[in-house]
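Morning, everyone. I have one structure for you today. Please have a look at it while I talk.

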Amino acid sequence: MKDIAPNSTDLGNFRRIQVPFRLAEVGMGMSPSHMRLLIVEDDEDLQALLVSMLRGEGYLVDACSDGELGLYKAQNWDFDGLILDVMLPKLDGFELLRRLRRTHQTPVLMLTARDETIDRVRGLALGADDY
């Protein structure tokens, strides 16, 4: 079983994500049907699960599998929030976030298997809104 979030409930081979904040609150009161989210996740199964779950909740979702493409999309299209993995090909999530914060303040939720305290501190210090 793949853990994708602590304090979660079983969902087949994955666990249901318990997001610590409501994504609609991040979008300044926008309803999910008006919020555009970008998922940058290289695990195809997890990416498909996240896309399906969030679209099922009414979010407009785009996704990609590597950091370079994720940074390009985040810098060139308007998203209301990003869900970002750390361990990505081409450009890791920390570097993507560092570069993105130079010009954008889009809310970012780090979603990763890396749960060391130093990784959390680094992600939050680089500007992630939650880890």
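Salt bridges first. The count comes to five, where a salt bridge is a side-chain nitrogen of Lys or Arg within 4 Å of a carboxyl oxygen of Asp or Glu. A caveat: this is a predicted model, local features need pLDDT of at least 70, side-chain atom pairs count only at pLDDT 80 or more, and totals for chains, interfaces and linings use all residues. Residues are numbered from 1 along each chain as its sequence is written, and side-chain values use heavy atoms, with hydrogens and water left out.

Take Lys 73 and Asp 62. Their side chains form a salt bridge at 3.2 Å, N to O. Lys 73 sits in helix H3, residues 67-76, and Asp 62 in strand S4, so the bridge ties together parts that are 11 residues apart in sequence. Helices (H or I, at least four residues) and strands (E, at least two) are DSSP runs, numbered from the N terminus. Lys 73 is buried, with a relative accessible area of 13%. Asp 62 is partly exposed at 25%. The cut-offs: buried is under 20% relative accessible area, exposed is over 50%, partly exposed is in between, with a 1.4 Å probe and protein chains only.

Next, Asp 66 and Lys 90. Their closest N and O atoms are 4.0 Å apart. This pair links distant parts of the chain, 24 residues apart: Asp 66 is in the loop between S4 and H3, Lys 90 in the loop between S5 and H4. Buried or exposed? Asp 66 is buried at 14%; Lys 90 is exposed at 63%. Check the backbone of Lys 90 too: phi is near 70°, a positive value in a residue other than glycine.

Now helix H4. Glu 95 and Arg 99 both lie there, four residues apart, about one turn of the helix. Their side chains meet in a salt bridge of 2.8 Å, N to O. Salt bridges with shared partners join Glu 95, Arg 98 and Arg 99 into one network.

On to the strands. What surrounds S3, residues 36-40? Four of its five residues are buried, so S3 is largely enclosed by the rest of the structure. Five bridges join S3 to S4, residues 60-64, and the two run parallel. Two strands pair if DSSP finds at least two bridges between them. Asp 62 comes back here, as the bridge partner of Leu 38. S3 also runs parallel to S5, residues 81-84, with four bridges joining them.

Last, Glu 41, in the loop between S3 and H2. Glu 41 is buried, at 5%. A polar atom of its side chain lies 2.9 Å from the backbone nitrogen of Asp 43.

Key:
Polar contact = N/O pair within 3.5 Å; in protein donor to acceptor, adjacent residues only side chain to side chain.
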